[in-house]
Amino acid sequence: MLYSMTGFGKAVAELPGKKITVELKSLNSKQIDIAARVPSSLRAEELAMRNLIAASLERGKVDLTIYVENVASEATVRLNVSALRAYKADVEQAAAELGIPSPADWYTVLMRFPDVIKSETPAQADDNEVEAVMTALSKAIEALMAYRRTEGEKLETFFAKRIDRISELLAQVPQYETERVERIRTRMEEGLAKIHNVDYDRSRLEQELFFYIEKLDVNEEKQRLTQHLNYFTETLATAGGQGKKLGFIAQEMGREINTLGSKSNHAQMQRLVVQMKDVLEQIKEQVLNVM
């Protein structure tokens, strides 16, 4: 089963007087890249949180956000009057030295400074809060992985349809191969006929024509492309973590399609190759999102 690297998970934990919300969002990345925004009271637990996320998600650009709401009626915040007084004095002194007027609205100005509000929240989370946060984080990870699985199933369907489409286009190639050989033969004979009074060895012409046609033979490319298509489908059915392998297989498919195009020497075959390339590009774009 495939896993997408795009996902979202959320979990909520409640304690007496507190509500804890944990949110996880992940996007495509070649390795695990975690950005964490957690309250200062939980900073000591950030490393453990990162390790838990990394062990579960393996790859992806992950954003972790934790909100801790104080819902107790008696839990309030209050102004840090001493800090406000100091800031006001600094502003007045700066205004006097610069020769500019003091602010007309002191509250608007002073409330923009840091640490002007005191919270009753403890500086360090206790054991119960830490346990609740880690439990919520585990649930958020589970929710994100469920999201990734759902997106992965959609990607499987997407890939299967496009692999089938390339197979259909490849199956149309043989109908033009015989015609292509006859066209090459006719074109060479017509070119020789335009040269008057020149005798040529017809058996040598047949030999040279054989060598030329052999260089344009696409049977090996068709066989290898078919093998790559089958391998891609087989890899889809294996366990997760196959994104890089699918990318490598897609590159090999591209090589065979490009060689097929360079050897085609036939308008209809080249149109088929262009369509194959278009479908393959769609595959390559989405492979980047696969775990």
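**Close-up 1. Helix H1 (residues 46-57) packs against helix H4 (residues 127-171) at an angle of about 25 degrees, with the axes 11 Å apart.** Welcome to this predicted model, in which local features need pLDDT of at least 70, side-chain atom pairs count only at pLDDT 80 or more, and totals for chains, interfaces and linings use all residues. Residues are numbered from 1 along each chain as its sequence is written, and side-chain values use heavy atoms, with hydrogens and water left out. Helices (H or I, at least four residues) and strands (E, at least two) are DSSP runs numbered from the N terminus. Axes are lines fitted to C-alpha atoms, for helices over the stretch in contact, and angles run from 0 to 180 degrees between N-to-C directions. H1 and H4 are therefore roughly parallel to each other (angles under 35 degrees count as roughly parallel, over 145 as roughly antiparallel, 65 to 115 as roughly perpendicular and the rest as oblique). H1 passes H4 in a right-handed crossing (right-handed if the near helix is turned clockwise from the far one by less than a right angle, left-handed if anticlockwise). From H1, the contact (heavy atoms within 4.5 Å) takes in Ala48, Met49, Leu52, Ile53, Ser56 and Leu57. H4 contributes Val133, Met134, Leu137, Ser138, Ile141, Leu144, Met145 and Arg148. Of the residues in this contact of H1 with H4, 11 are nonpolar, 2 polar and 1 charged (Ala, Val, Leu, Ile, Met, Phe, Trp, Tyr, Cys and Pro count as nonpolar, Asp, Glu, Lys and Arg as charged, and the others, Gly among them, as polar).

**Close-up 2. An open sheet of 4 strands is arranged in the order E1-E2-E4-E3, with mixed pairing.** Strand E1 (7-15) and E3 stand at the edges with a single partner strand each, so one side of each is left without a neighbour in the sheet. On average, neighbouring strands of this sheet are turned by 15 degrees against each other, direction ignored. Two strands pair if DSSP finds at least two bridges between them. Strands of a sheet pair through backbone hydrogen bonds, either parallel or antiparallel.

**Close-up 3. E1 and E2 form a hairpin with 2 residues between them.** In the turn, look for glycine 17, which has a positive phi of about 85 degrees. The two strands pair in the antiparallel sense over 9 bridges. Glutamate 14 has lysine 19 in E2 as its bridge partner, alanine 13 stands opposite isoleucine 20 in E2, and alanine 11 is partnered by valine 22 in E2.

**Close-up 4. Strand E4 (residues 60-70) runs antiparallel to strand E2 (residues 18-27), joined to E2 by 10 bridges.** Here leucine 24 stands opposite leucine 64 in E4, while the bridge partner of leucine 27 is lysine 61 in E4. With strand E3 (residues 32-37), E4 pairs in the parallel sense over 6 bridges. Along that pairing, isoleucine 34 stands opposite valine 62 in E4. The chain crosses from E3 through H1 to E4 in a left-handed β-α-β crossover (a crossover is right-handed if, with the strands pointing away from the viewer, the path from the first strand over the helix to the second runs clockwise).

**Close-up 5. H1 lies across E2, E3 and E4.** Its direction runs at about 145 degrees to E3. H4 also packs on the sheet, where H4 touches E1, E2 and E4. The direction of H4 makes about 155 degrees with that of E1.

**Close-up 6. H4 meets helix H9 (residues 267-287), with axes that come within 10 Å and cross at roughly 165 degrees.** That makes H4 roughly antiparallel to H9, and their crossing is left-handed. On the H4 side, the contact includes Leu155, Phe158, Phe159 and Arg162. On the H9 side, the residues include Leu272, Gln275, Met276 and Val279. This contact of H4 with H9 divides into 13 nonpolar, 3 polar and 2 charged residues.

**Close-up 7. The axes of helix H8 (residues 243-264) and H9 come within 10 Å and cross at roughly 165 degrees.** That makes H8 roughly antiparallel to H9, in a left-handed crossing. The contact of H8 with H9 comprises 11 nonpolar, 7 polar and 2 charged residues.
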